[in-house]
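Please consult the sequence and the model alongside the text.

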Amino acid sequence: MAEADMDDLIEVIEKEGDIENIPKTLPMMPVRDIVVFIDMLLPLFVGRDKSIKAMEECIGYDRYIFLTAQKDAEVEKPGIEDVYEVGTVGRVQKMIKLPDGRIKALVQGIVKAKAKTFVKKRSFFKVEIEIIEDHDPEEIDITLEALMRNVKENCEKLLAMKGELAGDIGDLLSHIESPGKLADLVASNLNLRVEDAQGLLELSETAERLKKVNDLLARELALTTVQAKIQTNVKDEISKNQRDYYLREQVKAIHRELGESDEKLAEIKDFKAKIKRCKLPKEGQEEAMKQLKRLEQMHSDSSEASVVRTYLDTIVELPWSRSTKDVLDIARAQSVLEQNHFGLEKVKERILEYLSVRKLNPKKKGQIICFVGPPGVGKTSLGQAIAKSMKRKFHRVSLGGIRDEAEIRGHRRTYIGAMPGRILQGLRQCGTNNPVFMLDEIDKLGNDFRGDPSSALLEALDPEQNFEFSDHYLNIAFDLSNVLFILTANIADTIPSALLDRMEVIRIPGYTHQEKIEIARTHLLPRKLRDNGLIRRSITINDKAMESIVTEHTLEAGLRELERKLDTVCRKIARKIAEGQKGRFAITRQNLTRYLGPPRYMPELDQEESQVGLATGLAWTEVGGETLYIEISLFPGKGELLVTGQIGEIMQESARAALTYTKSNQERLGIDKDAFDSHDIHIHVPAGAIPKDGPSAGIAMVTALVSAFTGRKVNNKVGMTGEVSLRGRVLPIGGLKEKTLGALRAGIKHVIIPEKNKKDLYDIPKNIKARLKFTCVRDVDQVLDIALEPSGAQADDPESAEAEQV
């Protein structure tokens, strides 16, 4: 628009006014998204009705207008509460009215002011103002001078990074001597939020304002630096990718010119051949070819291509049709089992039965075998022996602590780093679809918000379902029916019931002392001699020394501690040989202390003699059977019962039931009438730091109670297990074989068991029966007749009791 058009040109003003001549009442115009500072030259497009009228009205006030920022830029018609009180008095330097009615104006900030009173509000805002003067320091000290220099240098850096630094700007900055003017100049050119800019405007202390501007300038400089670095990295990455792509295409073109095969085409061809050799089911064939087609259409270096390539590698490496041929020679299998395991006749018999059925009917669906027993009894090595006898591959997976269902079923391919579950990974490592697959520690499975692994195992183990096992990663049905799954556990109680229902549980209770000695002679000692480089040395351990190692230095159902003790002996001999000592090394009972130290366990010393109020019970634990001593002491009191030894609720109930039975039969048992009213009873089970619980200590507690009140000693060679009812009946228990082995280790000679457990004696080995005397009892009276020693020389012979001797 030409300046000569007088209709559009309202007025051009070239002369600045004097601050002292500024009227005290001025029209006010709210501005959005900006705060006007002193000396700031600001172009404005005025479009709101009130603002247009205020701009026109300012002509009568010598072109002065009060400019204040809106608190919320979205408000179209701001009121008094929508604008800040502190603003800037500006003077209109140039004003042009546009055809659409808007006004284009050039305004310069003159001085800060505060709106005191709103004089007019309807057509436009008119306010009474109060001029705000800055407080400059009397003199510029070295700190303020350093701050001004720092602001100037940072401002120049920021403008240089943005490509806006010109020579005149540098000259302008260098000639500013006032801290207030410098702060206003820099603040007006920073991209500040309205709140931050308004805060600067309201500061009257110029030094404080300059310090805040310096902080905001430093932050803006840091942001601009990071932004420039990001842009540079992106640009370099794009350039590198373009260069790599160009070079790669050139290499491909060269290969084509030379008649050489393209690398990607060769990969696709190789995958097609492998997929064909795999003999996948129809569904798997279709899925594999679909993914291969996707790979062919992708760029070789894309992340998605890497995911598809890994998936295809998994498919072609799984043994869809590869299997080993079973060798079902029953005599050979028996020889392998006997060679690697001593004892465990029942377990060996069951394994040979399985192999026999497999030989007669190869298509019979296999049962899930679960070995349950204490640590160190050979559960894992039995699985290895089965694989060796059938000439199958063996793979072991530990399930202890697994809480995520994806560990069994695999992760879905939508996740980064997804992989198949443990079962398919194991088959991939074996390379055959019919290995012996051992799932160790099934009783230690967990579950949480990520799923229940035991539920996922149902599909993998159940013969009725596992011919179409679905892994989340593979998403193709895989046949697991040829896999022989063997599970192991220390206890069956914590195995999920749905899994336990599908298993055949074979219990391995532990080994007797004689079995341990034989195993140490034939298996453990030769292995330890070989491991320690002593195989050709003259080393002997006589029978007494070996028996001492088994009975006095170890106390366990398995063999791990025994193996460690033999390893200790071999290590000490190896050191002597390494130090130059020669000759024969004979380990005897007398010199065994030099190698293993003093005996740790002396079971026969637990009860050197029979005592009053001390009975020997038998307990089952996760690591085998143990003896459980019940101590009872009486002291003057009011008949209260105190139970200690960290025993559980079930044993506490047994203690109360035993006390009730004894009280109700005190006259028949020969106990004084007032004995219970005048004495407190303390029942204690030693080893108080170990929690104890279970329903099998009832008769031992009754025996100890009667002994304490009658003064008759309890035979220290008699051990007992069984629960007691209020009527005196002896109730059946579990874990008899483990308890029997524990009694044998503790030096017990006579074991009292409930009559209903007589059937369990069938599982007790003959050599144990030969060393222990078993008595089956129906009620507590029979227990007391056997366990309590006679009170006088003419007492009845306990062997004449009605209890059945076995």
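Is Glu145 buried, partly exposed or exposed? Glu145 is partly exposed, its relative accessible area being 41%; here buried means under 20% relative accessible area, exposed over 50%, and partly exposed in between (1.4 Å probe, protein chains only).

The model is predicted: local features need pLDDT of at least 70, side-chain atom pairs count only at pLDDT 80 or more, and totals for chains, interfaces and linings use all residues. Residues are numbered from 1 along each chain as its sequence is written, and side-chain values use heavy atoms, with hydrogens and water left out.

**Salt bridges**

A salt bridge is a side-chain nitrogen of Lys or Arg within 4 Å of a carboxyl oxygen of Asp or Glu. By this rule there are 37 salt bridges.

| Pair | N to O distance |
|---|---|
| Glu145 and Arg149 | 3.9 Å |
| Glu579 and Arg575 | 2.9 Å |
| Arg668 and Asp781 | 2.9 Å |

Glu145 and Arg149 both belong to helix H2 (residues 142–161) and lie four residues apart, about one turn of the helix. Helices (H or I, at least four residues) and strands (E, at least two) are DSSP runs, numbered from the N terminus. Glu579 is exposed, at 57% relative accessible area, and Arg575 is exposed at 57%.

Arg668 is partly exposed at 47% relative accessibility, and Asp781 is partly exposed at 27%. Elsewhere, a network of salt bridges links Lys112, Asp134, Asp184 and Arg209.

**The sheet and its helices**

Five strands form an open sheet in the order S9-S10-S13-S8-S14, with parallel pairing; two strands pair if DSSP finds at least two bridges between them. Strands S9 (394–398) and S14 (503–507) stand at the edges with a single partner strand each, so one side of each has no neighbour in the sheet. Strand S8 (residues 368–372) runs parallel to S14 and is joined to S14 by five bridges, and Val372 stands opposite Arg507 in S14.

Helix H11 (residues 345–360) packs on the sheet, touching S8, strand S13 (484–489) and S14, where contact means heavy atoms within 4.5 Å. Helix H12 (residues 379–390) also packs on the sheet, touching S8, S9, strand S10 (436–440) and S13.

How values were computed. Axes fitted to C-alpha atoms, helices over the stretch in contact; angles between N-to-C directions.
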